[in-house]
Amino acid sequence: MCSSEALGQVLPHLSGVVVESVRVSTKVVTLRTRCRTPRVRCPHCGMPSRWVHGRYLRRLADAPAGGVPTVIEVWVRRFKCGSLWCPAVTFVEQIPGLTSPHARYTPVFRRLLARIAEALAGRPSARLAVKLGMPVAKDTLLRAAPLSPVGTVRVLGVDEFALLRRHTYATLLVDLEARRPVDVLVGREAEPVARWLAGHPEVEIVCRDRASAYSEAAKRAAPQAVQVADVWHIWHNLA
């Protein structure tokens, strides 16, 4: 067994657990762990509880060890709350710095994915992550990348993209000066774009494709903005 004090020095996110076993293969490193805190406070009412209702095993992807994918297996306990006035009958313990409700990745792993996704976006970041021992899908990386708070947008790019080709579409809004996405709107109709533009009167230029819906939205909600067609769509139409 490894003590929590020793783990806290090299792996801070494992300082709250005891490592019971380590299995190493060419494909994955697996750490079997458990929490040894005897009492856990109910997240709803704050009352500490020792009454263990059950246990189950959680598997969390962690940062790779030596380029090999790493999985942390945690035996988590479900407690019964002893408060008569608490709306929660049972609750699951969470280990600070390691687990969160429904999470499949450790915070360390998620931060690594976010940094890769911020730098390379979807498919390129997925290819790099596989080579680094973090096999994930491109959609997972895009969800991991944080969107910065929307500030002042002077030049706005508007374009559609397919969530499900020929069935479901969405609209992507991009700050073209900062070269970063600022929002994703459901559908490709004029109304969602118009509502967004109405809340951002600072927009001076709207760079869009040739869709009439986006033109209508800009005329109605941002009459002060100059509408331009982006180079890719002009070239695509000419070709």
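Strands E5 and E6 form a hairpin with two residues between them, and Gly 66 in the turn has a positive phi of about 65°. Helices (H or I, at least four residues) and strands (E, at least two) are DSSP runs, numbered from the N terminus. The model is predicted: local features need pLDDT of at least 70 and side-chain atom pairs count only at pLDDT 80 or more, while totals for chains, interfaces and linings use all residues. Residues are numbered from 1 along each chain as its sequence is written, and side-chain values use heavy atoms, with hydrogens and water left out.

**Hairpins and strand pairs**

Two strands pair if DSSP finds at least two bridges between them. In general, strands of a sheet pair through backbone hydrogen bonds, either parallel or antiparallel. E5 (residues 52-65) and E6 (residues 68-80) pair in the antiparallel sense over eleven bridges, and Ala 65 stands opposite Val 68 in E6. Another hairpin is formed by E9 and E10, with four residues between them; Arg 179 in that turn has a positive phi of about 60°.

| Strand pair | Bridges | Sense | Example of opposite residues |
|---|---|---|---|
| E5 and E6 | eleven | antiparallel | Ala 65 and Val 68 |
| E11 and E12 | four | parallel | Ile 205 and Val 226 |

**The five-stranded sheet**

Five strands form an open sheet in the order E10-E9-E8-E11-E12, with mixed pairing. Strand E10 (180-186) and strand E12 (226-229) stand at the edges, each with a single partner strand, so one side of each is left without a neighbour in the sheet. On average, neighbouring strands of this sheet are turned by 25° against each other, direction ignored. Such angles run from 0 to 180 degrees between N-to-C directions, and the axes are lines fitted to C-alpha atoms, for helices over the stretch in contact.

E11 (residues 205-208) and E12 run parallel and are joined by four bridges. From E11 the chain crosses through helix H6 (residues 212-221) to E12, and this β-α-β crossover is right-handed. The term right-handed applies if, with the strands pointing away from the viewer, the path from the first strand over the helix to the second runs clockwise. Helix H5 (residues 190-198) lies across E8, E9 and E10 and runs at about 135° to E10.

A residue is buried under 20% relative accessible area, exposed over 50% and partly exposed in between (1.4 Å probe, protein chains only). In H6 the buried residues are Ala 213, Tyr 214, Ser 215, Ala 217 and Ala 218. Their cover includes E8, E9, H5, E11 and E12.

In helix H3 (residues 123-131), Ser 125, Ala 126 and Ala 129 are the buried residues. Seen down the axis of H3, they fall within an arc of 100°, so they line one face of the helix; the arc is that of the directions from the helix axis to the C-beta atoms. The face turned away from the buried side carries the exposed residues Arg 123, Arg 127 and Lys 131. Helix H2 (107-120) and helix H4 (138-144) are among the elements that cover the buried residues of H3. Just after H3, Gly 133 takes a positive phi of about 85°.

**Nonpolar cores**

A nonpolar core is a set of buried Ala, Val, Leu, Ile, Met, Phe, Trp, Tyr and Cys residues joined through side-chain atoms within 4.5 Å. The largest has 19 residues, of which Leu 156, Leu 173, Trp 196, Leu 197 and Val 203 touch the most other members. The elements that give two or more residues to this core are E8, E10, H5 and H6, and H5 gives the most, with five residues. Apart from this core lies another, of 14 residues, among them Val 17, Leu 60, Val 76 and Ile 95.

**Two buried threonines**

Thr 106 is placed in the loop between strand E7 (90-92) and H2, and is buried with a relative accessible area of 0%. Leaving aside neighbours within four places in sequence, Thr 106 is in contact (heavy atoms within 4.5 Å) with His 13, Leu 60, Ala 61, Asp 62, Ile 72 and Leu 98. Thr 33, in strand E2 (residues 29-34), is likewise buried, with a relative accessible area of 0%. Not counting residues up to four places away in sequence, Thr 33 touches residues including Val 17, Val 19, Ile 72 and Trp 75.
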